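Please look through the structure below with its sequence at hand. The paragraphs after it go from single residues to the chain as a whole.

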Amino acid sequence: MARCSPPLLRRFFCCAAKSASATSAAAGTKKKNIVFLGSPQVAASVLDTLLAASSSPDSAFQVAAVVTQPPAAKNRGRKLLPSAVAQLALERGFPGDLIFTPERAGEESFLSDLKGVKPELCITAAYGNILPQRFLDIPPCGTVNIHPSLLPLYRGAAPVQRALQDGVAETGVSLAYTIRALDAGPVIACERFSVDECIKAPELLAILFNIGSKLLLDELPSVLDGSAKQKAKPQDDSKATLAPKMNSDESWLTFDEEAKVLHNKDGLEPVQNCNL
């Protein structure tokens, strides 16, 4: 189910422009192949940044494939719709046969397709699937993740919501190598961000991924030439905190709680969990 060959998925992806595929193939001998993995709207903004940067004639990389969650039933009609990342890729003319939608990242057919793309590097941003070691072994430059927290703080699916729940005055975004342990890989770079007390989770999430996109472009040259692995700093596991997925009950306001607790909960509007 890795490629868009099943009839259901073909309806979503077969209409992509073939010209982008030809351009990609022509540039393949000069540019390094990157595979992007992401699903929600915040990840689509990262992909848009990468596609724009890769279109430059002097770019050192090209987006060779996109990996995202399968189409899901949404809205009242429960109509199956592609993820925000898949939709953005199609709107930008990305080849439909290079948009992979595996149920799990460990599927043999998907891993075979991924190897066929020959990625130098994989980039993840709120993808929503656990990456097995067999996946991580494929790209020679590794897999790099944009995580919306100052790692090792708030490792897990809901770093922004948990940070707001704790009433932090500062958070940020980290660019880190992906290893099997959750959000525990060496940190290539990070950027801090002051938290306004009135900001809501969806807005803060979008801001952090926007910052992360720029951070990624700044660091890509060193990631692709391998020097980033030399400067990346191991995380101090003793300082790690966890950010598990939010459940619906946690956002309820009960007015026997302290005013500060109620204020912090007020920012926890529903957002896509960063199940990276």
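Asp 183 counts as buried because its relative accessibility is 11%; buried means under 20% relative accessible area, exposed over 50%, and partly exposed in between, with a 1.4 Å probe and protein chains only. Asp 183 sits in the loop between β8 (170-177) and β9 (187-194). Helices (H or I, at least four residues) and strands (E, at least two) are DSSP runs, numbered from the N terminus. Although Asp 183 is not a glycine, its phi is positive, at about 50°.

The model is predicted, so local features need pLDDT of at least 70 and side-chain atom pairs count only at pLDDT 80 or more, while totals for chains, interfaces and linings use all residues. Residues are numbered from 1 along each chain as its sequence is written, and side-chain values use heavy atoms, with hydrogens and water left out.

Ala 126 is another residue other than glycine with a positive phi, near 50°. Its place is in the loop between β6 and α6. With a relative accessibility of 1%, Ala 126 counts as buried. A further backbone feature is the peptide bond from Leu 151 to Pro 152, which is cis, with omega near 15°. Pro 152 belongs to the loop between β7 and α7 (159-165).

Helix α3 covers residues 41-54. What span should its 14 residues have at 1.5 Å a residue? The expected span, which is 1.5 Å times one less than the number of residues, is 20 Å, and the end C-alpha atoms are 20 Å apart, so the two agree. The buried residues of α3 are Val 42, Ala 43, Ala 44, Val 46, Leu 47, Leu 50, Leu 51 and Ser 54. They pack against several elements, among them β1 (32-38), β2 (61-67), α4 (84-91) and α8 (201-225).

Leu 47 is in contact with Phe 36, Val 63, Val 66, Val 85, Leu 88 and Ala 89, leaving aside its neighbours within four places in sequence. Asp 48, also found in α3, is partly exposed, with a relative accessible area of 26%. Not counting residues up to four places away in sequence, Asp 48 touches Leu 88 and Arg 92. Asp 48 and Leu 88 are 40 residues apart in sequence, yet 7.4 Å apart in space, C-alpha to C-alpha.

The structure holds two aromatic pairs. Rings of Phe, Tyr and Trp (its six-membered ring) pair if their centres lie within 6.5 Å; planes under 30 degrees apart count as stacked, over 60 as edge-to-face and the rest as tilted. The rings of Phe 100 and Phe 110 have centres 6.1 Å apart and planes at 75°, so this pair is edge-to-face. Phe 100 is in strand β5 (residues 99-100) and Phe 110 in helix α5 (residues 108-117), ten residues apart. Both Phe 100 and Phe 110 are buried. The rings of Phe 110 and Phe 135 have centres 6.3 Å apart and planes at 15°, so this pair is stacked. Because Phe 110 lies in α5 and Phe 135 in α6 (residues 133-136), the pair ties together parts 25 residues apart in sequence. Phe 135 counts as buried, at 0% relative accessibility.

How many disulfides does a search of the whole structure find? It finds zero, a disulfide being a pair of cysteine sulfur atoms within 2.5 Å. Cys 141 is buried, with a relative accessible area of 10%, whereas Cys 190 is partly exposed, at 45%.

The protein chain has ten helices and nine strands. Of its 276 residues, 51% are buried. Among contacts between residues at least 6 apart in sequence, 73% join residues at least 24 apart.

Conventions: Contact means heavy atoms within 4.5 Å.
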